[in-house]
Amino acid sequence: MTEARDELQTLLAAARAEFAARLEDKVRELQELSDRGAWMEARRAAHKLRGSAGTYGFAKISAAAAVMEDVLIEAEPSPDEDARNRFAAALATARVASVTATREGA
Amino acid sequence: MKILVVDDDPDIRRIAALALERLGGFRVTVAASGAEALEVARGQQPDVVLLDVSMPGADGPETLLALRSNPATCQLPVIFFTATSSEGEAQRLRALGAVGVVPKPFDFADLPRRIRGIMEAVGTESGRHD
């Protein structure tokens, strides 16, 4: 029983570490999508990050992704300057948190 | 109990499968799209489908309708998985025919209990054990 629990913890830690290692790429993808005005794709990517980051225990990144998604939903079909600024602020928060998460190896 | 987890996000598929297999004792099959889910559901006849709402191609609601339109899968209980957690959205998804809605992010350790709770509430668990 203890062995099974240990194995589960090991699997979980590995999954979380691998996810953390890719967080900066996920945030970079959001930056690239917003840079080229691909707002629908950015909204979808933010939606995914909101769910996955939260599930893996990265609450700050999940919360920032939720802001990004909500901003883009409110601003459909295309965000105005205020919405883009709010999106950029949330993206900056996610970027800082992703760097920390990657550096700490989750 | 056999469960089919459908999500285009590999990170979600991975951790959901881990939780359901290792903590919940489920037999888990995964699919990365609505189209793949239809094929797997027809072939493997899971006891329940955990279906992501937001997917490219056929999204969750479209996939649910496709499952309902096929005699081989029309009775399958479907639980939606969504990062849009408002009560209005949950009601909309239940109105489509889902037996439950699990919000994302989800608590890894709590997921198996939630799925079993939903299945027990709708009474579909009895007689479908392996």
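Let me start with a definition: two residues are in contact here if their C-beta atoms, placed from the backbone, lie within 7 Å. Hi everyone, and thanks for coming. What you have above is a predicted model, in which local features need pLDDT of at least 70, side-chain atom pairs count only at pLDDT 80 or more, and totals for chains, interfaces and linings use all residues. Residues are numbered from 1 along each chain as its sequence is written, while chains are lettered from A and ligands numbered from 1 in the order in which they are written.

Let's begin with chain A. It has 4 helices and 0 strands; helices (H or I, at least four residues) and strands (E, at least two) are DSSP runs, numbered from the N terminus. Reading from that end, the order is α-α-α-α. Along the principal axes, the C-alpha atoms of chain A fill a box of roughly 55 × 25 × 20 Å.

Now have a look at helix 2 (residues 39-55) and helix 3 (residues 59-74) of chain A. How do they pack? Their angle is about 150 degrees, and their axes are 8 Å apart. Axes are lines fitted to C-alpha atoms, for helices over the stretch in contact, and angles run from 0 to 180 degrees between N-to-C directions. Helix 2 and helix 3 of chain A are therefore roughly antiparallel; under 35 degrees would count as roughly parallel, over 145 is roughly antiparallel, 65 to 115 roughly perpendicular, and the rest oblique. The crossing of these two helices is left-handed, that is, the near helix is turned anticlockwise from the far one by less than a right angle, with clockwise being right-handed. Among the residues that meet are Trp39(A), Ala42(A) and Leu49(A) from helix 2, and Ile61(A), Met68(A) and Leu72(A) from helix 3. By class, this contact divides into 12 nonpolar, 3 polar and 3 charged residues. For the classes, Ala, Val, Leu, Ile, Met, Phe, Trp, Tyr, Cys and Pro count as nonpolar, Asp, Glu, Lys and Arg as charged, and the others, Gly among them, as polar.

On to the interface. How many residues of chain A are in contact with chain B? There are 15, and they touch 13 residues of chain B. Helix 2 of chain A gives the most to chain A's side, with 8 residues. That side has 6 nonpolar, 6 polar and 3 charged residues.

Helix 2 of chain A also packs with helix 1 (residues 10-23) of chain B, at about 35 degrees and with axes 9 Å apart. Gly51(A), Ser52(A) and Thr55(A) make this contact with Asp11(B), Ile12(B) and Ile15(B).

Finally, chain B. Here we find an open sheet of 5 strands in the order 2-1-3-4-5, with parallel pairing; two strands pair if DSSP finds at least two bridges between them. Strand 2 and strand 5 (100-103) are the edges, each pairing on one side only. The twist averages 20 degrees from one strand to the next.

Strand 1 (residues 2-6) and strand 2 (residues 27-31) of chain B pair over 5 bridges. Lys2(B) stands opposite Arg27(B), and Leu4(B) has Thr29(B) as its bridge partner.

One last stop: helix 3 (residues 60-68) of chain B lies across strand 1, strand 3 (48-52) and strand 4 (78-82), running at about 150 degrees to strand 3.
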